Amino acid sequence: MGPSVAAVVVAAGRGLRAGGGLPKQYRDLAGEPVIRSSLALFSWHGQIGQVQAVIHGDDRGSYDAAAKGLRLLPPVLGGASRQASVRAGLEALNARPPDIVLVHDAARPFCSAELVSRAISACSETGAAIPALEVTDTIKRVDAMGHVAGTVDRAPLRAVQTPQAFNFAALLDAHRRAAKDGREDFTDDAALAEWAGIKVATFAGETGNMKLTTDEDFGKAEGRRMASLADLRLGNGYDVHAFGDGDHVWLGGLKIPHDRGLTGHSDADVALHAIVDAILGAIADGDIGKHFSPNDPRWRGASSDQFLKFAVERVTKRGGKIANLDLTIVCEEPRIGPHRDAMRKQIAEIAEMSIDRVAVKATTSEQLGFTGRREGIVAMATATVRLPWSW
Ligand code: MG
């Protein structure tokens with residue numbers, strides 16, 4: 001078993017420089033707040049046990065919206081400086097101290113899972129390690145007038161990033177000592193560690209792991225985010241359930257009164273089942289029966305929203321997003337029209353999507369075939385999923 005690892009995601013800054021009227025970590029980036037990328041990355045990473053966000057008190061609402069559905073510790077409030085905020089996160093983690101802690105800036109949404117793994121293994125070897133890039137631009141020293149005063153040798157220079165990884169106990173101790181000494185001016189944890197006498201190693205960072213600061217950064221990042229989710233997948237799903245005794249049917253997560261019920265092992269929500277298969281189909285991840293066997297007593301009478309939540313999670317775990325869902329229900333009865341918008345809303349809520357990305361359509365089969373004879377209901381669904389591009 002590897003070391004226990006926690007992540008502190010620092011998001012307490014005001015960062016209004018980038019415009020948009022919100023602190024930059026909550027600004028929308030291609031349909032998602034910037035901070036959600038880091039929270040999701042750490043919460044799904046197999047080596048990370050706990051994720052502690054540090055936020056500003058004014059941002060609680062934005063944070064809760066951005067963190068929805070992710071496995072995170074309750075956020076703690078940050079301090080007046082970045083350093084004070086990191087310390088607050090470390091103190092909170094000290095309730096269940098990990099072996100290693102990664103400190104990451106929420107304004108770096110493009111950090112990859114590989115970089116996180118690299119940080120953990122570098123820190124396991126050295127006790128303190130930070131991602132660094134060689135400086136490729138020529139660096140000049142300028143005078144007060146902005147005139148070139150000299151050319152700096154760039155060979156020993158490195159541009160450093162986050163996540164920075166440390167032995168947890170050592171970093172917490174260094175933070176406590178710095179606070180006690182009245183030092184609140186360290187701009188990253190490596191500088192503080194250096195001050196505390198901790199030797200800090202470097203490992204290869206990622207050029208893509210950019211920090212968003214200016215409006216121009218956001219412009220570049222928007223394109224990058226879309227390009228990074230360029231692997232577009234399409235899936236379809238089909239399901240049938242027969243009518244039986246009962247006084248309601250479950251359809252699209254709604255309980256609809258009817259003079260008959262639908263028979264099946266779970267709640268027989270034929271619409272949600274078709275959607276689940278469409279999503280699983282889009283990511284080539286089996287089908288609903290593979291993950292939730294009809295022979296498994298656990299799923300007897302089960303509410304189908306958990307199947308949909310599961311399918312959505314399979315997409316999220318791969319760093320993907322569901323772009324839209326399109327559902328068609330075929331039956332003579334009950335009438336779907338009056339429930340259409342409530343059903344869209346319900347599906348959107350379960351799948352954590354906006355309602356304008358969920359369509360519900362209904363038709364009869366003109367009294368032909370088994371649906372026409374009112375023997376059962378058919379549902380068909382299509383899902384498009386955007387996955388990160390990788391070969
Ligand atoms: Mg079914």
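These are my notebook entries on a predicted model, written down as I looked things up.

**Entry: domains**

I started with the overall layout. The protein is split into domain 1, covering 5–228, and domain 2, covering 231–387. I looked up how far apart they sit: their centres, taken over C-alpha atoms, are 40 Å apart.

Next I checked where they meet. Nine residues on the domain 1 side are in contact with seven residues of domain 2. The area buried between the two is about 700 Å², and carbon and sulfur atoms give 46% of that. On the domain 1 side, W44, K68 and M226 lose the most area to domain 2, and together they make up 56% of what that side buries. I also noted two salt bridges across this interface.

One more pair for the list: E313 and R71 join their side chains in a salt bridge, at 3.0 Å from N to O.

**Entry: the largest core**

Which residues have the most contacts inside the largest nonpolar core? I found I279, L308, L327, M343 and I347, in a core of 47 residues. Several elements each supply at least two residues, among them strand 14 (248–251), helix 10 (305–317), strand 17 (321–330) and helix 11 (340–351). Helix 8 gives the largest share, 10 residues.

I then clicked on L327. Leaving out residues up to four places away in sequence, L327 touches A271, I275, M343, I347, A359, V360, K361, A379, M380 and A381.

There is a second, separate core too, with 32 residues, including V5, V9, L41 and A66.

**Entry: L262**

L262 sits in strand 16, residues 261–262. Buried or exposed? L262 counts as buried, at 14% relative accessibility. Beyond four places in sequence, L262 touches H241, A242, F243, H248, V249, W250, A268, V270 and I377.

From L262 to V135 the C-alpha distance is 65 Å, and the two are 127 residues apart in sequence.

**Entry: S43**

S43 belongs to helix 1, residues 34–44. With a relative accessible area of 11%, S43 is buried. I listed its contacts, leaving aside neighbours within four places in sequence: V51, L70, R71 and L72.

**Entry: cysteines**

How many disulfides does the structure hold? I found zero. I wanted a reason, and distance gives one for C111: the closest cysteine sulfur, in C123, is 15 Å away, so the gap is too far for a bond. Looking from the other end, C123 is in no disulfide either, and the nearest cysteine sulfur to C123 is that of C111. Both turned out to be tucked away: C111 is buried at 7% relative accessible area, and C123 is buried at 3%.

**Entry: salt bridges**

Searching the whole structure gave 22 salt bridges. I looked at a few.

D64 and R60 pair at 3.1 Å, N to O. I asked why these two are about one helical turn apart. It is because they are four residues apart in helix 2, residues 60–67. D64 is partly exposed at 38% relative accessibility, and R60 is partly exposed at 41%.

K211 forms a salt bridge with D105, with the closest N and O atoms 4.0 Å apart. This pair links distant parts of the chain, 106 residues apart: K211 is in the loop between strand 12 (201–204) and helix 7 (215–228), while D105 is in strand 6, residues 100–105. K211 counts as partly exposed at 37% relative accessibility, whereas D105 is buried at 9%.

I followed that pair further. K211 and D105 belong to a network of salt bridges that also links R82 and D189.

The last pair I opened was D185 with R183, whose side chains meet at 3.1 Å, N to O. D185 counts as partly exposed at 48% relative accessibility, and R183 is partly exposed at 29%. For context, I jotted down that side chains of opposite charge can pair when their charged atoms come close.

Conventions:
Residues are numbered from 1 along each chain as its sequence is written. This is a predicted model: local features need pLDDT of at least 70, side-chain atom pairs count only at pLDDT 80 or more; totals for chains, interfaces and linings use all residues. Side-chain values use heavy atoms; hydrogens and water are left out. A nonpolar core is a set of buried Ala, Val, Leu, Ile, Met, Phe, Trp, Tyr and Cys residues joined through side-chain atoms within 4.5 Å. Buried means under 20% relative accessible area, exposed over 50%, partly exposed in between (1.4 Å probe, protein chains only). Contact means heavy atoms within 4.5 Å. A disulfide is a pair of cysteine sulfur atoms within 2.5 Å. Domain bounds come from an automatic or database domain assignment. Buried area is the accessible area (1.4 Å probe) that two parts lose on being put together, summed over both.
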